[in-house]
Every structure is written in structure tokens, then in C-alpha cells.
Amino acid sequence: MHEWLANLPKIELHLHIEGTLEPELAFELAQRHQIALPYPSVEALREAYNFADLQSFLDLYYQCAEVLRDEDDFYRLTMAYLERCHTQAVTHVEIFFDPQTHTARGIPMSTVIEGIERALKEGETRFGISSQLILCILRHLDEEDALATLNAALPYRDRIVGIGLDSGEQGNPPSKFTRAFDFARAQGWKIVAHAGEEGPADYIWQALKLLKVDRIDHGVRCVEDPSLVAHLRDINMPLTVCPLSNTRLRVFHSMAEHNLKTLLDQGLRVTLNSDDPAYFGGYMLENMLAVQEALNLTQAQWRQLTKNAIDASFIDHAHQQRLHAQLDAYPDTPHCSDSA
Ligand SMILES: Nc1ncnc2[nH]cnc12
Ligand SMILES: [Zn+2]
């Protein structure tokens with residue numbers, strides 16, 4: 001099964017580019033820009049990846065992001081992620097970036113977008129990986145900041161496919177950003193929001209009703225409201241689930257307790273993603289292997305997760321059909337067992 005999963009074509013829809021910053025690159029950039037990181041070595045930094053909850057992760061994630069200064073830093077960050085994608089048979093990615101984390105430090109939006117985009121173009125020509133960009137709004141900041149950020153992104157409107165909502169969920173409900181997301185929808189952008197990761201099921205309702213999202217990021221706490229689960233199934237709402245993230249941030253005590261398989265069995269449009277792979281112990285394949293070891297999915301269920309991701313992606317129909325054809329051409333392994 002390991003080899004079959006390794007070569008299975010993959011689609012990633014929930015990936016924070018700042019969350020792909022590996023400690024080695026963080027230290028290299030810190031030295032280049034003469035910035036102090038909160039730990040003395042790569043090893044010490046990696047050891048600090050023992051998080052109590054979402055906020056304890058975010059505190060370190062924002063601190064490490066300070067090493068990203070110029071266009072080349074964003075290019076190198078993104079290129080390193082795409083090289084990993086290439087080794088793991090990831091063929092299409094929809095990437096989040098957090099401009100407020102950078103513009104608040106005086107780094108222009110153009111530096112961030114142009115660095116990421118240069119790598120995405122190269123990833124397409126070198127590896128054949130297609131991609132889209134999603135600008136995420138930081139929910140711990142206020143709605144005025146969100147609106148200013150969306151206005152600053154207007155010159156890049158056609159290079160951004162959608163707007164997301166991330167950062168600390170508890171106490172920052174989707175209702176705080178109704179006007180900002182009305183504005184985003186009016187620009188023709190797709191809408192996604194982190195909801196029901198640490199926050200309650202009600203935040204998922206708000207994301208649906210107030211922000212009118214096209215996808216829910218995480219959403220695993222939907223199970224606390226059976227009427228919500230039924231509604232998500234009725235409207236075929238995609239959930240971008242991130243198993244290693246959820247166990248590392250203690251949303252679930254262990255992978256064996258993760259509800260990904262239950263949600264899939266309930267007919268929800270679940271997809272699997274890596275969220276912040278440098279911090280949570282792995283990229284797409286490591287997420288799949290951890291899930292396989294704990295929950296033992298069938299090949300048909302793995303195919304279903306990938307099909308769901310193709311259908312939930314923000315690419316045009318013809319491109320989706322090509323990805324479906326590529327998946328259909330990938331053969332099953334007969335008599336496949338866990339240890340194979
Ligand atoms: N898992 C996560 N939840 C909320 N905001 C984030 N920003 C980066 N990773 C995140
Ligand atoms: Zn996320």
C-alpha cells in the first residue's frame with residue numbers, strides 16, 4: 001500500500017506556504033538577513049514543534065515567518081514546496097498565503113506575490129504541477145485591516161483565485177468578517193474559511209450562511225451538530241481535512257481517533273491535505289501514510305478522497321477532467337495489504 005499511495009496522483013487544497021518553511025531554510029534566511037530566531041539551532045527549533053494547541057503553533061509560525069524578506073525568499077520557499085510535491089506525485093496545488101503577516105513588517109504585497117508566482121510558473125514548466133493562489137485574511141486582526149488588504153490585492157485580482165480566513169479561530173467568528181467577504185465575493189473571488197478546526201460547529205454554520213463559502217477548511221467539529229452534518233452532505237460542501245495538523249494541534253488525541261474516515265463514510269466531500277507540513281511532521285504522503293496506519297482505508301476510499309479534491313478544486317472543467325482521467329489511469333494493486 002505504501003508504494004501505491006506514494007505514486008497515487010495527488011491534489012492539495014489546504015496548504016499555507018508559510019507553513020512549508022523548514023528549519024534549515026529558516027536558519028539560512030535568518031543568517032542572510034541578520035535576524036535572530038527564538039532557538040539556537042535547527043535541532044532546537046524542530047524540538048520546539050511540540051504544540052499544546054493552535055495558538056501555541058501560530059506564535060512560532062508567525063515568528064519564523066519574519067525571516068521571509070525579499071522576493072527571492074518567497075521564491076525559494078515555494079520552490080522547495082513544489083520540489084516536495086514533485087517527489088510525492090502531487091499534480092495540482094491551491095496555495096494559501098498570509099499577506100498581512102508580511103505587509104505589517106513593511107514588505108510590499110508585490111514582493112510576496114511575485115516571489116511565489118515565479119516559483120509556481122517554474123513548477124508548472126519543470127514538473128507539470130498546476131497551481132492557484134488563495135489570499136488568507138488573518139482573523140485575529142480587525143475587519144478594517146481585512147478590507148485594506150483586499151483593496152491592496154485588487155491589482156493582482158486575476159492572479160488570485162480566492163480569499164480565505166485563517167489564524168486563531170476561538171473568539172474570532174466568521175461573523176466578524178461579513179463585510180470583507182461580501183466585498184471579496186463582489187470581486188468574483190472564490191471563498192474559503194477555516195471553521196470547526198478548534199472553533200465550534202456554529203462557526204461552520206456562520207461560514208456557510210454569512211461568508212457563503214465554496215469550501216470549509218478543516219470542519220472536523222461539524223460532528224458536534226448532526227443537523228450540520230446532514231446539511232453539509234445535502235449541499236455537497238467540500239471539507240479540506242488535515243490529519244497530521246489535527247493530531248499535532250491536539251484537536252484529536254491520536255490518529256486512531258481522527259474522524260476523517262467517519263466523515264467519508266457519512267458521505268461528506270472530504271479531502272486530505274497537509275496544512276503546515278514543515279511544522280506538523282509531513283507533506284501529503286506522510287499524511288496519507290499516518291492515516292493509513294491508523295484507519296486502514298481501502299484503495300477505493302483513497303480514490304474517493306482524490307476525486308473529491310479534483311471536484312472541489314478551483315480549476316476549470318476541462319482541467320478537472322484531465323486530472324480525473326489521470327487518476328482513472330492509475331491502476332489498483334491487486335491483493336494490496338498494509339505491509340505491502
Ligand atoms: N491550521 C491553521 N489554522 C488556522 N490558521 C492557520 N494558519 C496556518 N495554519 C493554520
Ligand atoms: Zn490551515
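In this predicted model, helix α8 carries the exposed residues E144 and N151 on the face turned away from its buried side. The points below begin with that helix and then turn to the annotated positions, the ligand and the chain as a whole.

**Helix α8**
- Helix α8 comprises residues 143-152, and A146, T149 and L150 are buried in it.

**Annotated binding site**
- An unreviewed UniProt entry assigns the feature "binding site" to H14, H16, H194 and D275.
- Although these positions span 262 residues in sequence, no two of their C-alpha atoms are more than 11.8 Å apart, so they gather at one spot.

- H14 belongs to strand β1, which runs over residues 10-16.
- H14 counts as buried because 29 C-beta neighbours lie inside 10 Å, where 20 or more are required.
- When residues up to four places away in sequence are not counted, H14 touches D217, T240, C242, N273 and D275; D275 is itself one of the annotated positions.
- H194 is located in strand β5, residues 190-195.
- H194 is likewise buried, since 29 other C-beta atoms are within 10 Å.
- Apart from neighbours within four places in sequence, H194 is in contact with L165, D166, E169, D217 and H218.
- D217 is among the contacts of H14 and also among those of H194.

- The residues around ligand 1 are H16, G19, L54, Y61, D166, S167, H194, E197, S245, D275 and D276.
- Among them, H16, H194 and D275 also carry the UniProt annotation.
- By class, this shell consists of five polar, four charged and two nonpolar residues.

**The chain as a whole**
- The protein chain contains 17 helices and eight strands.
- Its radius of gyration is 19 Å, close to the 20 Å given by the globule rule for 340 residues, so the chain is as compact as a globular protein of that length.
- The C-alpha trace spans about 55 × 40 × 40 Å along its principal axes.
- Of the 340 residues, 44% count as buried.
- Among contacts with a separation of 6 or more, 76% join residues 24 or more positions apart.

Key. Residues are numbered from 1 along each chain as its sequence is written. Chains are lettered from A and ligands numbered from 1 in the order in which they are written. This is a predicted model: local features need pLDDT of at least 70, side-chain atom pairs count only at pLDDT 80 or more; totals for chains, interfaces and linings use all residues. UniProt positions are given in the numbering used here, feature names are shortened, and annotations may be inferred rather than shown by experiment. Helices (H or I, at least four residues) and strands (E, at least two) are DSSP runs, numbered from the N terminus. A residue is buried if 20 or more other C-beta atoms lie within 10 Å of its own, exposed if 12 or fewer, and partly exposed in between; C-beta atoms are placed from the backbone. Two residues are in contact if their C-beta atoms, placed from the backbone, lie within 7 Å. A residue is near a molecule or strand if its C-beta atom, placed from the backbone, lies within 6 Å of it. Ala, Val, Leu, Ile, Met, Phe, Trp, Tyr, Cys and Pro count as nonpolar, Asp, Glu, Lys and Arg as charged, and the others, Gly among them, as polar. The radius of gyration is taken over C-alpha atoms; the globule rule is 2.2 Å times the number of residues to the power 0.38.
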